[in-house]
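This briefing concerns aromatic ring contacts and model confidence. Please consult the sequence and the structure while reading the points below.

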Amino acid sequence: MGMTDTDTIYVVIFGESLLNDGVAIVLYQTLVHFLDVNMQVDGEAVVAASIHFLVVAIGSLLVGVGSGLCCTVYYWAFHGCQTPLVEVLMFCCWALIPYY
């Protein structure tokens with residue numbers, strides 16, 4: 001399955017945009033977590049925000065990798081046992097599982 005230069009550029013740009021969206025969501029959640037009118041921005045708050053950012057980012061990564069591994073095992077175990085319609089529906093279900 002060969003890829004042309006155009007396909008490679010498309011995949012790189014698409015992956016980079018997904019990474020940017022993920023970082024923006026994690027950063028937004030971190031800032032909302034520390035939203036307080038009386039909060040003083042000092043070194044302790046910056047360290048706490050950095051730790052919160054890393055925890056959410058690493059947790060999200062682990063959920064995605066875990067879901068991907070479970071999906072891979074599922075499709076490996078049921079290879080050839082399902083109709084194409086069931087496979088497509090299960091693909092959609094596996095794509096939505098990490099969000100819940």
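Which residues do ring pairs link into a cluster? The cluster consists of Y74, Y75, F78 and W94. The structure in question is a predicted model, and a search of the whole of it finds three aromatic pairs.

**Geometry of the ring pairs**

- Y74 and Y75 form an edge-to-face pair, with 5.3 Å between the ring centres and 80° between the planes.
- Y74 also pairs with W94; this pair is tilted, at 5.8 Å centre to centre and with 50° between the planes.

**Placement in the fold**

- Y74 belongs to helix α2 (residues 43-77), whereas W94 belongs to helix α3 (residues 84-96).
- The Y74–W94 pair therefore ties together parts that are 20 residues apart in sequence.

**Solvent accessibility**

- Y74 has a relative accessible area of 17% and is buried, because the buried class lies under 20%.
- W94 is likewise buried, at a relative accessible area of 17%.
- Y75, at 22% relative accessibility, counts as partly exposed.

**Model confidence**

- The mean pLDDT of the protein is 82, and 97% of the residues score at least 70.
- Among the elements of the protein, α2 has the highest mean pLDDT (87), while helix α1 (residues 5-33) has the lowest (80).

Conventions
Residues are numbered from 1 along each chain as its sequence is written. This is a predicted model: local features need pLDDT of at least 70, side-chain atom pairs count only at pLDDT 80 or more; totals for chains, interfaces and linings use all residues. Side-chain values use heavy atoms; hydrogens and water are left out. Rings of Phe, Tyr and Trp (its six-membered ring) pair if their centres lie within 6.5 Å; planes under 30 degrees apart count as stacked, over 60 as edge-to-face and the rest as tilted. Buried means under 20% relative accessible area, exposed over 50%, partly exposed in between (1.4 Å probe, protein chains only). Helices (H or I, at least four residues) and strands (E, at least two) are DSSP runs, numbered from the N terminus. pLDDT is the predictor's confidence in each residue, from 0 to 100.
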